[in-house]
Amino acid sequence: MHRVGDSTRVSVDKLTDDDLPWGDVEVDVSYSDLNFKDGKVMEAGSPIPQHLPIVPGIDLVGTVTHSSNPLFAVGDEVVANGFGLGTDRDGGLTQRTRVPGAFLLALPSRLDQRRAAAIGTAGYTAGLAVEAILEAGVRPSNGPVLVTGAGGGVGTIAIAVLAQAGFDVVASTGRADQLRDSLLRLGAREIIDRLPAEAGDGLATPAWSAVIDSVGSTTLASALAATRYGGVVAAVGLAQGIDLPSTVLPFILRGVSLVGIDSVYASEYRRRRAWDRLANVDHELLDSITSIVGLEDAASVSQDVVAGRVHGRVVVDVHK
């Protein structure tokens, strides 16, 4: 990705070893994937990249080919999410790269590289959100869990992970008619439309024991207003907007907790816990919502992700 005049352009170019970023582990990349953030990075004129030129891709899965880090050896299969990949430094949409070992986790033995990429940063973020809900003490017996933006990357994996953990999942999406069968297969008990904006009093009939919200704005405010006493709302995204037109009433009258989920700088402990849980996702189910594209198509498909035209996960095979 580089600057052309006053705009930016994404192209597939050949680089050399001298172009590789700094790091103590060299990785042959097999796959990256396309997330909402990838699409925002690759928009024309995007302000997100901290420098240009840059290799996009906020995650990667691959095999170690050289290491001066004692925690990783040649042949290790690894995954990296966040840490400024694709925004602050060259990311995963490449066939080779270098990264600091602190960015990497060993791939769980139950996952192959393609499926790990299908889970990707969106799925990893969903895993962090589920862990946060469980850590707060919410259990399936407490009532249904709402997943907003259910047709997106975070939403689809969140539904599968929550259902596998025994929760009754209610999926909210603006594409309910189109996605109903797929979301039910993922494990949702009920499919509803987008949440309406709540009245300014800040409270609604309590419905959810917990919420995973990737939408923000009035959707997040509505979810907070309808969360049950002592419930937990995990905020992971901003597809609708960064504003939060809510009141303090859900917090001080119902003891609701709003938990922020950051996938970029999560601790190694939290990253490992999330990936260990994600490794148990039904592999056939994951395959059914995964499509694969090559590097040449990554930029255009990323804009479909931003526009909400993609359901499920898109893996980029960097050798395709």
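Good morning. I begin with Arg98, which is partly exposed, its relative accessible area being 23%. Please bear in mind that the model before you is predicted.

With which residue does the side chain of Arg98 meet in a salt bridge? The partner is Glu26, and the N to O distance is 3.4 Å. Arg98 belongs to strand E6 and Glu26 to strand E3, so this pair ties together parts that lie 72 residues apart in sequence.

Is Glu26 buried or exposed? Glu26 is buried, because its relative accessible area is 13% and the cut-off for buried is under 20%. Arg96, by contrast, counts as partly exposed, at 32% relative accessibility.

These residues are part of a network of salt bridges that links Asp17, Glu26, Arg96 and Arg98.

I turn now to another pair. The side chains of Arg189 and Asp168 form a salt bridge, at 3.8 Å from N to O. Arg189 sits in the loop between helix H4 (176-186) and strand E10 (190-192), and Asp168 in the loop between helix H3 (153-164) and strand E9 (169-172), so that distant parts of the chain, 21 residues apart, are linked. Arg189 is partly exposed, with a relative accessible area of 43%, and Asp168 is partly exposed as well, at 39%.

How many salt bridges does a search of the whole structure find? The search finds 15. Thank you for your attention.

Conventions. Residues are numbered from 1 along each chain as its sequence is written. This is a predicted model: local features need pLDDT of at least 70, side-chain atom pairs count only at pLDDT 80 or more; totals for chains, interfaces and linings use all residues. Side-chain values use heavy atoms; hydrogens and water are left out. A salt bridge is a side-chain nitrogen of Lys or Arg within 4 Å of a carboxyl oxygen of Asp or Glu. Buried means under 20% relative accessible area, exposed over 50%, partly exposed in between (1.4 Å probe, protein chains only). Helices (H or I, at least four residues) and strands (E, at least two) are DSSP runs, numbered from the N terminus.
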